Amino acid sequence: MPLRPYLLLLPAIAAFSLFAAAFVTFMVVSFQTATPGTVLTHGPATFANYSAVIASPLARSTALATLRLAGLMTLLTALLGYPLAYVLARSTSRLLRRLVLFGLIVTFLSGGVTRAYAWLIILGNRGLLNQMLVALGLPTVRLAYNETGVVIGVVHFLLPFFVLTLLAALKNIPLSLEESARNLGASRWRVFWHVVLPLSIPGLVSAASLSFAGALSAFLFPELLGGGRVHMASNVIFETILTDFNLPRVAAMAALFLVLALAALALLGSLERRTAKLWAGATR
Amino acid sequence: MRKNIGLRIASGLFAVLAGTALLAGPAAAQEKKITLLIWSSTWNGLIKPLAEQFTKDTGIAVDIEVEASSMEGLVKVQAMRGKPTADVWFTAQGVAERAASDPGLLAPMPVDKLSNWKDIIPGGTSPTFAAAYYYPFGIVYRPDLVPGGKITSWEELWGPGFENKLALPAPSFFSGRMILVSALLAGGSIDNVDPGIEKLKKVKKNAAFWFTSDPQARKALAQGEVSVMVTSSSTVKTLADQGVTVKMVSPKPAPIIFEGVTILKGGKEDLAAQFVNYVISQQWQKTITEVWNMGPVNKNVPPAGKFADVLPKDGDAVTFNETTINERLAGWTEKFNQAIGQ
């Protein structure tokens, strides 16, 4: 039996083991008890940290808020991203395709902190939008330091991931199907609604899953644009570390949020498989 | 022949490397360097030039690692327990006290080696902590943007002229002082902060945001995004340097906060102690109060005129038990987040 293929796998196995070991350590800590005033933990194993997190009204409301906001962010990303992906896949104008792609790549490459501050300049109390409203004699609106600001910032962050994932799926739909439908007298809208959209749904669900995962783990934008009012899972975990210093409890909180996120993603994965069978004729 | 050339090149490289190692070896062994774990604004605005002088005087080089806040610093210190990459840690007194409860983190202050230790004002020391300065926790505001151009009390911040204009510290910043001030204003205390949290609910409309990073809040104040920031007196100086005119008032109750230095257990305690002695020296304390607008902890140095202006009036200052804060902050934060969250 040749050993070489297995030897070649060693670096991957080593890297995977490292990640797995970190995760296992983290899970073990979540069942331990903090030694007051130290970073140390001790046994015996207990579910007390999990009970405390489940009993915490803040943890419960954070879990619900995180799922709600991630769902909303994914929906808005899909609504904005689908037309952009469609333009990239089907537009005959090279200039338009390049412009859209350029916009997405710039977004993709610019740093998160830069983007968050750019949004503050646009959405702030004295930001460009409010200055425009004042110039028009209208009252100002609160767009930053709340959920609105966080949703805008995260959707902007997710858009390139969504569009580039969906683009691959749209490009895989044979153009001949659309041309056949057009030749048989279907309007552009009907072709889109009855041919393109159904065939793109598995790709759409894939892109949405990726966006949902990104939204669930959002930290920077809620931190900088949430004004201390928007509590998503990552931010609450971070704040709890800074104020409680109880690593086992924080590990339990992170583990519970992770389980919740995995359950939501498993649901989306199952949806993806079902839609692939229903609309795209996949046999898996 | 080719093999020979390769061998010669390899031998030559080895000789060069060995020679370099021999030359560098004694120098490296003699290298005297300490690393500070410090806030970037404190390093850039205050300590950097003083550290250069310290290096000239002692031959001890000073490097830094940055902490975003005292709490984050504690997480770092705990994470590098036993093998710290820093030797001197700048932090708030309460956080230092929390760290001291872990016997593996902080070295005791070598009082007999610190010639300036005896000059530190009361309240500024503990067995593992030396204050570098103190400041009142108060209201920094833009006189051009607040009604009447002046603020005289905490209660005004709850008034109608400040809607969406306040930058207030989140509980993890200044170790919950905003909650405590609010509690005292509402008839509560450190043992009962619920009235304070209820009172903070009433300021929600006026709070533009609750900050966890003072550069972000300072920027908002400089840009007129907010007209008030509740913070420390060093903000006045930082903004003045940027050409922004702000004033500060420390109304009753005005918490007084000490921040300072601790020595991390890691083998360079002697070098670190020399640095600590410089921090509390008259020369450095004079710079700290005049340049950084903070209170000097060396009793032989009077507060600079500008700093004296922002100090609370007699009887207005308050201090809190840091142990109690450390024990209860997580619970307060949870209640606060429930009350303030959207």
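Domain bounds here come from an automatic or database domain assignment. The model is predicted: local features need pLDDT of at least 70, side-chain atom pairs count only at pLDDT 80 or more, and totals for chains, interfaces and linings use all residues. Residues are numbered from 1 along each chain as its sequence is written, chains are lettered from A and ligands numbered from 1 in the order in which they are written, and side-chain values use heavy atoms, with hydrogens and water left out.

**Exercise 1. Domains of chain B**

Task: Find which domains the assignment gives for chain B, and how they relate.

Solution: 
- Start with the bounds: domain 1 is 32-134 + 258-310, and domain 2 is 138-249 + 317-340.
- Next, take the C-alpha centres of the two domains of chain B, which lie 26 Å apart.
- Then look at contacts (heavy atoms within 4.5 Å). Here 13 residues of domain 1 of chain B meet 15 residues of domain 2 of chain B.

**Exercise 2. The largest nonpolar core**

Task: Work out which residues touch the most other members of the largest nonpolar core.

Solution: 
- Buried means under 20% relative accessible area, exposed over 50%, and partly exposed in between (1.4 Å probe, protein chains only).
- The largest core has 140 residues, and the members touching the most others are A:Met73, B:Leu36, B:Ile47, B:Trp210 and B:Phe275.
- Strand E6 (residues 129-136) of chain B is the top contributor, with seven residues; helices (H or I, at least four residues) and strands (E, at least two) are DSSP runs, numbered from the N terminus.
- Both domain 1 and domain 2 of chain B supply at least three residues each to this core.
- Zoom in on B:Ile47: beyond residues up to four places away in sequence, B:Ile47 touches B:Leu36, B:Ile38, B:Thr42, B:Phe90, B:Phe275 and B:Trp284.

**Exercise 3. One side of a helix**

Task: Which residues of helix H10 (residues 282-291) of chain B are buried, and where do they pack?

Solution: 
- The buried residues of H10(B) are B:Trp284, B:Gln285, B:Ile288 and B:Thr289.
- They cover an arc of only 130° around the axis, so they sit on the same side of H10(B); the arc is that of the directions from the helix axis to the C-beta atoms.
- After H10(B) comes B:Asn293, with a positive phi near 60°.

**Exercise 4. A glycine in a loop**

Task: Is B:Gly123 buried or partly exposed, and which residues does it contact?

Solution: 
- Locate B:Gly123 in the loop between strand E4 (106-107) and strand E5 (125-126) of chain B.
- With a relative accessible area of 44%, B:Gly123 is partly exposed.
- Leaving aside neighbours within four places in sequence, B:Gly123 is in contact with B:Gln93 and B:Phe258.

**Exercise 5. Chain A in outline**

Task: How many helices and strands does chain A have, and what share of its residues is buried?

Solution: 
- Chain A has 12 helices and two strands.
- Of its 284 residues, 41% count as buried.

Methods:
A nonpolar core is a set of buried Ala, Val, Leu, Ile, Met, Phe, Trp, Tyr and Cys residues joined through side-chain atoms within 4.5 Å.
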